[in-house]
Amino acid sequence: MNVQFKKGVLDLCVLAMLKDSDQYGYELASTLSETIMISDGTVYPLLRKLASDGLVASYLQESQSGPPRKYYSLTAMGKIRLQELLDDWNAFTASVNKIVGRESV
Amino acid sequence: MNKKDYISALRAQLKRLPSDDVEDIVKEFETHFEIGISEGKKESEIAAKLGSPEEVAQIYLSDSIPAFDMANVQNACPPVMPMVPVKTGMVIDRGVGPQTAAGFATGGYAKPLQNASPKNGSPKPEPDGPLAHKGAKDHEEYVKTGAQTGKKVDLPDYSQYPTQDPSHVVPASKEHNTLFAVLFTIFVFIPAWILALALLIALIAWPVVTGIGTVLLFSWVPGLSAGVAAGTICLGISTALATIGEILVVFFAIKWFVLGTIAYIRYIGKIMSKDSKGGNA
């Protein structure tokens with residue numbers, strides 16, 4: 001997949017993944033690297049940036065196996081941002097699909 | 001690459017960031033390795049999937065340069081750039097409130113005003129001396145840092161900024177500045193000036209008075225014994241020596257007195273002229 005595409009939608013993907021449940025970095029990284037073929041390491045800077053923008057919050061939680069995990073959750077601002085990005089995404093894909101000749105996916 | 005090598009390479013690449021941030025980041029990657037290991041993966045496998053430490057560090061470093069978002073800046077601060085001169089030459093160089101976005105995006109300083117085109121018929125503003133230079137310098141630094149980290153830095157088109165004469169930014173504080181100047185002059189400067197003048201006169205008068213006194217004492221009291229006469233001569237000599245020292249002291253005293261007075265008058269003049277400029281906002 002085109003690198004620019006991935007970069008553009010990475011925020012959206014991470015926020016969307018956190019919508020229903022809090023997740024830790026490793027989980028997010030694994031899912032993303034499997035589905036849109038990014039390297040695991042790019043997820044952490046992104047999470048950090050989202051956190052500094054106030055879109056996600058993090059907390060530590062012990063786990064039965066392995067080290068304590070840093071979970072990320074969506075903040076109120078993050079939810080708003082997610083909705084905005086989703087709207088953008090839907091509008092964008094709809095118009096692109098029109099141009100490339102497919103009415104719907 | 002094993003975990004240890006990966007972490008130390010990452011740490012080395014990140015050394016430009018604050019150490020708290022580096023520890024935070026490194027911890028996250030250590031945890032990533034540990035979870036992977038607990039799932040039975042090899043360290044080299046995990047490292048390969050992470051991407052090279054250089055690449056990862058690059059993202060962190062370029063994120064530490066505030067990204068520029070033209071739309072946000074324009075929404076956040078339509079009319080005013082964060083160059084706010086306040087009274088008596090002090091300068092706030094970081095914006096507050098809605099101005100922060102622009103200040104932040106340009107590394108804390110607005111572009112110097114001289115290249116900006118005036119909008120809404122406002123007068124073309126003059127760059128504000130030292131601040132303009134500082135802004136330009138930070139701007140350069142910002143671009144340079146962007147170039148070093150290899151990230152494309154999208155620079156704003158500064159000419160699109162609506163700009164204003166900074167004197168519009170701060171409400172006119174004419175009364176305050178003038179009141180301050182007048183009160184300070186009456187209660188601090190004039191008393192200090194009189195005292196300094198009196199000390200200066202005393203300083204100059206002292207050797208003259210004692211010198212003349214010695215001579216008078218010598219000539220007017222004819223009945224003095226030889227001992228008293230000798231003592232008087234000694235006094236005269238010591239007075240003469242002291243006078244040489246005093247000439248130096250007096251020289252500097254006069255110099256600083258005059259310079260101080262000139263500086264003060266100029267300073268007051270500046271305050272007054274600022275008031276008259278800012279007074280019509």
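In chain A, helix H3 is followed by A:Gly54, whose phi is positive, near 80°. The structure is a predicted model, in which local features need pLDDT of at least 70 and side-chain atom pairs count only at pLDDT 80 or more, while totals for chains, interfaces and linings use all residues. Residues are numbered from 1 along each chain as its sequence is written, chains are lettered from A and ligands numbered from 1 in the order in which they are written, and side-chain values use heavy atoms, with hydrogens and water left out.

**The two chains**

Helices (H or I, at least four residues) and strands (E, at least two) are DSSP runs, numbered from the N terminus. On this basis chain A has four helices and three strands, which run α-β-α-α-β-β-α from the N terminus on. Chain B has nine helices and two strands, and its pattern along the sequence is α-α-α-α-α-β-β-α-α-α-α.

The table sets out the chain totals. A residue is buried at under 20% relative accessible area, exposed at over 50% and partly exposed in between (1.4 Å probe, protein chains only). Accessible areas come from the Shrake-Rupley method with a 1.4 Å probe, and for residues only the protein chains shown count as cover.

| Chain | Buried residues | Accessible surface |
|---|---|---|
| Chain A | 40% of the 105 residues | about 6200 Å², 56% from carbon and sulfur atoms |
| Chain B | 30% of the 281 residues | about 16900 Å², 67% from carbon and sulfur atoms |

Contact means heavy atoms within 4.5 Å. Among the contacts in chain A with a separation of 6 or more, residues 24 or more positions apart account for 48%. For chain B, the corresponding share is 70%.

**The sheet of chain A**

Strands of a sheet pair through backbone hydrogen bonds, either parallel or antiparallel. Here, two strands are taken to pair if DSSP finds at least two bridges between them. In chain A, three strands form an open sheet in the order E1-E3-E2, with antiparallel pairing. Strand E1 (23-24) and strand E2 (56-61) stand at the edges with a single partner strand each, so one side of each is left without a neighbour in the sheet.

Two bridges connect E1(A) with strand E3 (residues 69-74) of chain A in the antiparallel sense. A:Gln23 has A:Tyr72 of E3(A) as its bridge partner, and A:Tyr24 stands opposite A:Tyr71. On the E2(A) side, six bridges join the antiparallel strands E2(A) and E3(A), and A:Ser58 has A:Tyr72 as its bridge partner in E3(A). Strand E3(A) is mostly covered, with five of its six residues buried.

**Helices of chain A**

Helix H3 (residues 43-52) of chain A has buried residues at A:Val43, A:Tyr44, A:Pro45, A:Leu46, A:Leu47 and A:Leu50. In helix H4 (residues 76-100) of chain A lies A:Leu85, which counts as buried because its relative accessibility is 15%. Apart from neighbours within four places in sequence, A:Leu85 is in contact with A:Asp11, A:Leu12 and A:Leu15. A:Leu85 and A:Ala16 are 69 residues apart in sequence, with 9.6 Å between their C-alpha atoms.

**Aromatic contacts**

Rings of Phe, Tyr and Trp (its six-membered ring) pair if their centres lie within 6.5 Å; planes under 30 degrees apart count as stacked, over 60 as edge-to-face and the rest as tilted. By this rule there are ten aromatic pairs over all chains.

B:Phe252 counts as partly exposed, at 43% relative accessibility. One aromatic cluster consists of A:Tyr44, B:Tyr6, B:Phe29, B:Phe33 and B:Tyr60.
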